[in-house]
Amino acid sequence: MIAVTGSASGIGAAVVSALDGRDVIGVDLRDAEVRADLSTPDGRQQAIDGVLSRCGGVLEGLVLCAGLGPHTPDPMRIIEVNYRGAVSLLDGLFPALCTAAVAVSSSASTMVRWRDNPISRCEEEAALASAGEYRGQLAYAWSKNALTVAVRRRVAEWGAAGVRLNTVAPGAVDTPLLDAGLADPRYGDAIRSYQAPIARHGQSEEVAALIVYLLGPHATYIHGAQFPIDGGSDALMRPTEF
Ligand SMILES: NC(=O)c1ccc[n+]([C@@H]2O[C@H](COP(=O)([O-])OP(=O)(O)OC[C@H]3O[C@@H](n4cnc5c(N)ncnc54)[C@H](O)[C@@H]3O)[C@@H](O)[C@H]2O)c1
């Protein structure tokens, strides 16, 4: 069985479709086998317990898609869901996992260095209090940077256990999350005016195909890696850093 968080919408729903024929345990706020709120410790435990009881303690794969965008009014909630929610499920389900997990990070994960990320010092709440109008974007970048770091830091323990763990880092992908960003007066124009080298948005199905590949039998030596899937934006912005 494969657990997919954020299964009710966007990239998570596309992963469920791409896993056609496999046994999937969806985790989301709504329309899912396990309904749980990953923004709270109780909700995360409910999600872990729900998945474990449905899979009988043996989980073939895990895909972490649940997330909130920069437009979300409460920036601390962005960090709770995107970072703490994802990491809690990684750690809570690791003992049951036997093959691989993929966490959906973001191209935004590279917009801050870990040493400058307030989450690295548990100072995000204070940093957000004085962050101004674009605090949602900051919280988003911090949360995704922290998630990618958390994945990379687990590589030895997970590798020794024979369970692979990778991230994908999408650029702009047509989903309800991106639609909400486009409709936000703070972010809409910036999203509209940026053009990736492949001059269109990505599609959920394209990200889902990469995720399913990373879970599968042709990716058995891929571990601890982050894959940009962004129409070339990472190479455009950071040609000398990789
Ligand atoms: N769409 C993009 O442009 C883009 C770019 C980079 C990264 N991402 C990441 O991809 C992932 C999927 O996003 P999407 O674009 O498909 O968005 P989406 O809004 O379509 O789907 C997100 C899903 O997460 C669920 N979710 C949100 N808060 C939750 C909570 N507290 N508990 C449980 N579930 C919760 C939602 O209900 C929803 O079903 C997110 O982590 C997002 O940050 C998206």
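The model is a predicted one, so to speak of a local feature takes pLDDT of at least 70 and side-chain atom pairs count only at pLDDT 80 or more, while totals for chains, interfaces and linings use all residues. Residue numbers start from 1 along each chain as its sequence is written.

Seven strands form an open sheet in the order 3-2-1-4-5-6-9, with parallel pairing; strands (E, at least two residues) and helices (H or I, at least four) are DSSP runs numbered from the N terminus, and two strands pair if DSSP finds at least two bridges between them. Strand 3 (34-35) and strand 9 (226-229) sit at the edges with a single partner strand each, so one side of each has no neighbour in the sheet. Strand 1 (residues 2-5) runs parallel to strand 4 over four bridges, with Val4 partnered by Val63. Strand 4 (residues 59-64) is in turn joined to strand 5 by five bridges, again parallel, and here Leu62 stands opposite Ala101. Six of the eight residues of strand 5 are buried, meaning 20 or more other C-beta atoms within 10 Å of their own, against 12 or fewer for exposed and anything in between for partly exposed, with C-beta atoms placed from the backbone.

As for the helices, helix 1 lies across strands 1, 2, 4 and 5 and runs at about 160° to strand 1. Angles run from 0 to 180 degrees between N-to-C directions, with axes fitted to C-alpha atoms, for helices over the stretch in contact; contact means backbone-placed C-beta atoms within 7 Å.

Around the ligand there are 26 residues, the closest being Gly6, Gly10, Gly67, Thr175 and Leu177; to be near, a residue needs its backbone-placed C-beta atom within 6 Å. Helix 1 (10-18), helix 3 (75-93) and helix 7 (176-183) each give two or more residues to this shell.

Finally, two non-glycine residues have positive phi. Asp31, with phi near 45°, is in the loop between strand 2 and strand 3 and counts as exposed. Cys122, at about 55°, is in the loop between strand 5 and helix 4 (124-129) and is exposed too.

How values were computed: Contact = placed C-beta atoms within 7 Å.
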